[in-house]
Amino acid sequence: MLEVSALVSGYGRIRVLNRVSLAVADGEIVCLIGPNGAGKTTLMRTLAGTLAPWEGDIRLAGEPIAGRRADHVVGRGLALVPEGRRIFMPLTVSENLEIGAYVRLRAGAKAEAQQTLDEVLALFPRLAERRDQLAGTLSGGEQQMLAIGRALMARPRLLLLDEPSMGLAPMVVSSIFKAIASLRGRGTTVLLAEQNARMALKIADRGYILITGEIVREGAARALLADPTIVSTYLGH
Amino acid sequence: MAEPDPSRGARRSYAALGAVWALLLLFPLAAPNNFVLNLGISWFISLALAGSLNLLMGYAGQISLSHAAFYGLGAYASGVLSAKFGVSPWLGLCAAIALTAAAAFLIGWPSLKLRGHYLAMATLGFNVIMSVMFVELRGLTGGPNGLVGVPSLSLFGWEIGADIRFYLFAWVVVGLMMLLILNLLHSRMGRALRALSTSELAAKANGIDVHAVKLGVFVLSAVMAGIAGFLYVHLNNFASPENFDFVASVMLLVVVALGGTGTYWGPFLGALLHVVLPEALRAFSDFEILVYGISLVLVLLFFPAGLSGAVARLGRLVGRGGGR
C-alpha cells in the first residue's frame with residue numbers, strides 16, 4: 001500500500017528526516033513510535049503532501065506521490081488526522097464531516113459520501129448525537145473522534161494518524177484505539193504515529209522505531225513489546 | 001425521529017434576503033426627497049463593498065487593505081473609457097471587471113502562497129500605488145481635481161439618472177451580488193473558506209486546494225468592488241482620488257468590523273452606519289470626525305462582535321423573555 005524509500009525532509013534548512021524507509025502492506029496497522037522531536041509529525045506531513053520532501057520516493061499503491069500537493073494525495077486515497085486534531089472549531093460536527101468528503105463531493109459522489117457519513121456516525125455514535133453542535137464545544141476525546149471521522153469521510157485506502165492519544169484521559173484513549181483497531185475489518189490500512197508506544201503496539205501488526213530522524217528498529221509488534229532492551233530504552237515506564 | 005435538516009438554515013437565509021430586498025422596493029415611496037433616495041443608492045454601493053470585503057475577511061480570514069483601490073480601479077476604468085474615449089459604459093463595465101480581476105490575480109497569486117499577513121502588506125502597497133496613479137495620470141484621470149464628464153448609464157435608450165431609476169438599477173445589481181455571496185456561503189466552497197480560516201493545515205489535509213480557493217475569493221471580492229466603482233462613477237458622473245485612497249480601505253475594514261465580521265447580515269448594518277453616520281454627525285461640523293471616531297471605539301468596545309452580534313444578543317434576550 002505504502003512504500004517510502006530514503007526519504008529526506010525538514011523545515012527551511014533544518015533537516016529532520018534522514019533517509020527514512022518503511023513499508024505498509026494492504027490491511028496492516030503499522031505504528032511509528034519514538035520520542036518527542038524524533039520526526040514523526042514531519043514524516044506524516046511529508047507523506048500527506050503538506051510538506052515537500054527534499055529527496056526520496058513515496059509510493060501509494062505503486063503510484064509515486066512524493067512532492068504532490070495535499071489535495072491530490074487525498075484524492076489518491078491517503079488521509080491524515082493531523083497532530084493536535086485541528087478540527088474546524090467554528091463549524092458544526094456535520095460541516096466538519098462534510099469537509100472531510102470535500103474531494104469526493106467535488107467529484108459529484110454525493111450518494112457515496114452520504115453512505116460513508118452513516119458508517120462514520122455508526123463508528124462514533126457520540127458524533128451522531130452532537131452533529132448540529134459546534135465542533136469547538138466538544139470534549140477532547142470527541143474532538144479526536146471527529147478528526148478521525150473527518151479523515152474517514154475521504155474514504156481513504158491509507159489512514160495516517162498523528163498522535164491520536166495526545167492530551168486525552170486513558171479511558172478515552174482506549175476507546176479511540178478500539179475504534180482504530182476496528183478499521184482493520186473495514187479494509188482501511190493504518191499508519192499510526194504514537195508516543196504512547198505500549199498502547200500503539202498492542203493494536204499494531206508491526207512497528208518502526210524512529211529516533212532523531214532515523215529508523216533504528218523495525219519488527220512485529222509483539223516482538224518489539226517482548227524485547228526487554230526496547231522496553232527499557234524506548235518504551236519507558 | 002425528526003432528522004435535523006441541514007438546509008433549513010440556508011432556506012431561512014434566502015427567505016430573509018428576499019424579504020429584505022422586497023422591503024427595499026418600498027424605500028423610494030417613503031423617501032421624502034431625492035437626497036434621501038440618494039442615501040439609499042449610496043447604501044447599496046456601501047453594501048456591495050462591505051459584503052465583498054466581508055467574504056474575504058470575515059469568512060476566508062484574509063485581510064485586504066486595498067478594497068478601495070479595486071473600487072477606484074473599477075470607477076476609473078469605466079469612467080475614463082466613457083468620458084475620454086466615448087466608449088459605451090457597458091464595455092466600460094467589462095473593462096472594470098477584467099482590470100480588477102487581473103490586478104487581484106497578480107497581487108494575490110504570490111502573496112497568498114504564504115501564510116500570515118503577506119496579503120495585507122501587498123495590498124497596502126497596491127493601494128498606495130493606485131492612489132499615486134489616480135492623481136498623477138492627469139491626462140486620463142483629471143488628477144487631484146477629479147474625473148469629470150462621466151456619462152450616465154442608459155439601457156435600451158432609457159437614461160438611468162440619479163433618481164428612482166438608478167435606485168432600481170442598484171437594487172438589481174447589488175441584489176444579485178448579495179444572492180451570489182449567499183449561494184457561495186451555503187456551498188461546498190463556503191465551508192472550505194470557513195475551514196481554511198480556522199486551520200490551513202487541516203484544510204489542506206482534507207483535500208482543499210487552499211491557494212486556489214483563497215485566490216478565487218480574493219479575485220471575486222475585488223471584482224465586486226470594481227462593479228461598485230462602476231456604479232459609483234456613473235451615478236455621480238465624477239470620480240476623485242481621495243475616495244479610493246488607503247484611508248478609504250481602512251474605513252471599509254472598520255465598516256465590516258462594525259457590522260460584524262463573518263456574519264452575512266453584518267455588512268447590511270455596517271453599510272447603514274457608513275452612509276447615515278456622516279450625515280447624522282454633520283451638525284457637529286468640525287467635530288464630526290472626532291465624534292465618528294469615538295462612536296466607532298465605543299461600538300467596538302461594547303459590541304466586539306459588531307452590530308449584528310449586538311442585535312443577535314438582543315434578539316436572544318427578547319426571545320427568552322417572550323418564551324416565559
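**Figure 1. Helix α8 of chain A in the predicted model**. Helix α8(A) covers residues 170-182, and its 13 residues should span 18 Å at 1.5 Å a residue; the end C-alpha atoms are 18 Å apart, which agrees. Seen down the helix axis, the buried residues of α8(A) fall within an arc of 100°, so they line one face of the helix. These buried residues are I176(A), F177(A) and I180(A). An α-helix has 3.6 residues a turn, so residues three or four places apart point the same way. The partners against which the buried residues of α8(A) pack are the helices α7 (140-152) and α9 (197-203) and the strands β7 (158-162) and β8 (189-194), again of chain A. On the face turned away from the buried side, the exposed residues M171(A), K178(A) and S182(A) are found.

Figure 2. Apart from neighbours within four places in sequence, the contacts of E194(A) are C31(A), I33(A), E163(A), S165(A), M199(A) and A200(A).

**Figure 3. Positive phi values at A61(A) and F156(B)**. Most residues other than glycine have a negative phi. A61(A), not a glycine, has a positive phi of about 50°, and it is placed in the loop between β4 (55-60) and β5 (63-64) of chain A. In chain B, F156(B) has a positive phi near 50° and lies in the loop that joins β2 (153-155) to β3 (158-160). A61(A) counts as partly exposed because it has 15 C-beta neighbours inside 10 Å. F156(B) counts as exposed because it has 4 such neighbours inside 10 Å.

**Figure 4. The crossing of helices α5 and α11 of chain B**. The axes of α5(B), residues 89-111, and α11(B), residues 210-236, come within 8 Å of each other and cross at roughly 145°. The crossing is right-handed. Among the residues that make the contact are L93(B), A96(B), I97(B), T100(B) and A104(B) of α5(B), together with F218(B), A222(B), G226(B) and F230(B) of α11(B). By class, the contact comprises 17 nonpolar and six polar residues, with no charged residues.

**Figure 5. Helix α6 of chain B and its packing partners**. Helix α6(B), residues 118-136, has 19 residues and reaches 27 Å from its first C-alpha to its last, close to the 27 Å expected at 1.5 Å a residue. Its buried residues are L119(B), A122(B), T123(B), F126(B), N127(B), M130(B), S131(B) and F134(B). They pack against α4 (67-85), α5, α7 (138-141) and α12 (246-259) of chain B.

**Figure 6. The contact between chains A and B**. In this view, 26 residues of chain A are in contact with 17 residues of chain B. On the side of chain A that touches chain B, the elements giving two or more residues are α2 (70-75), α3 (93-100) and α4 (102-106). The largest share, five residues, comes from α3(A). The residues of this side of chain A divide into 14 nonpolar, four polar and eight charged.

How values were computed
Residues numbered from 1 in each chain as written. Chains lettered and ligands numbered in written order. Predicted model: local features only at pLDDT ≥ 70, side-chain atom pairs only at ≥ 80, totals over all residues. Helix = DSSP H or I, 4+ residues; strand = E, 2+ residues; numbered from the N terminus. Expected span 1.5 Å × (residues − 1). Buried ≥ 20, exposed ≤ 12 C-beta atoms within 10 Å, placed from the backbone. Arc of directions from axis to C-beta. Contact = placed C-beta atoms within 7 Å. Axes fitted to C-alpha atoms, helices over the stretch in contact; angles between N-to-C directions. Left-handed = near helix turned anticlockwise from the far one by under 90°. Nonpolar A, V, L, I, M, F, W, Y, C, P; charged D, E, K, R; others polar.
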